[in-house]
Amino acid sequence: MTSFLDPLISFVSAHAWLGYLILFLAALLEAVPVVGSVIPGSTIILALSALVPGGELKLQWVLLAAALGAVLGDGSAYWIGHRRQREILSTWPLTNYPRVVAESESFFNRFGTWAVFFARFVPPVRAFVPVTAGALGMAPAKFYAVNIPAILAWAPAHVLPGVLAVSALHEYAGLHHHEHVGKHIWILTVVGVAIVLGLAVWIHRRRKGGNVERSKPQA
């Protein structure tokens, strides 16, 4: 794994613009309905944040790229829902994900306006709540009044942990930036946790789906 990470870090260091583009696209695609439920945008952003302390990427541009991607992604999904109204919720490809659509609608009905804020931090409904908010008639001014602050909180929450963790490893564990060991530890930890959480969610949904099937009355 180290033999893969070292060339990747060196490549991003030499082509920083590509790193910012990846961050932008990760945040953007994560907010797209259906696509966002399979694109590990948060994992990518958390992992690449490890490249800030060593200077491969600049903190302000990392935050800006992530925030702009999220704003464009959430905004695009919202306006699609706003223009199509409830019709969009029963249109392909959303019809292939009835459970997540129902969960996002329930989430929105439960928390109201604040659902747009909370959804930023709750995958996979994060990719469905903006379009649901638009489909259910939430006013644009109200949507952006909650969505923008949510993104301004979400971006640092996904970037700063990696920056602080890698900085602490270098400062207190005696690891050197140029050896990339701290970056390896953080990136591998993020990927490992993401895989474990993904498997846990998949198993939970499988069991939940099985329980629903067993609870249905037999014809």
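Which residues do ring pairs link into a cluster? In this structure they are Phe107, Phe111, Trp114, Phe117, Phe118 and Phe121, where rings of Phe, Tyr and Trp (its six-membered ring) pair if their centres lie within 6.5 Å, and planes under 30 degrees apart count as stacked, over 60 as edge-to-face and the rest as tilted.

Before I go on, please keep in mind that this is a predicted model, in which local features need pLDDT of at least 70 and side-chain atom pairs count only at pLDDT 80 or more, while totals for chains, interfaces and linings use all residues. Residues are numbered from 1 along each chain as its sequence is written, and side-chain values use heavy atoms, with hydrogens and water left out.

Tyr78 is buried, at a relative accessible area of 0%, whereas Trp79, at 35%, is partly exposed; here buried means under 20% relative accessible area, exposed over 50%, and partly exposed in between, with a 1.4 Å probe and protein chains only. The rings of Phe143 and Tyr144 also form an edge-to-face pair, because their centres are 5.2 Å apart and their planes stand at 80°. Of these two residues, Phe143 is buried, at 0% relative accessibility, and Tyr144 is partly exposed, at 27%.

Now to the interior, where a nonpolar core is a set of buried Ala, Val, Leu, Ile, Met, Phe, Trp, Tyr and Cys residues joined through side-chain atoms within 4.5 Å. The largest such core has 21 residues, and those that touch the most other members are Tyr20, Leu23, Ile45, Leu51, Leu57, Val62 and Trp154. A second, separate core has 12 residues, including Tyr78, Phe107, Ala133 and Met138. Returning to Trp154, we find Arg120 over the face of its ring, at 4.6 Å from the ring centre; this requires NZ of Lys or CZ of Arg within 6 Å of the ring centre and within 35 degrees of the ring normal.

How many residues line the largest pocket? There are 26, and the closest to its centre are Pro123, Ala194, Leu197, Gly198 and Val201. On a 1 Å grid over the protein atoms alone, a pocket is an open set of points where a 1.4 Å probe fits, with protein on both sides within 12 Å along at least five of seven lines, and lining residues have an atom within 4 Å of a point.
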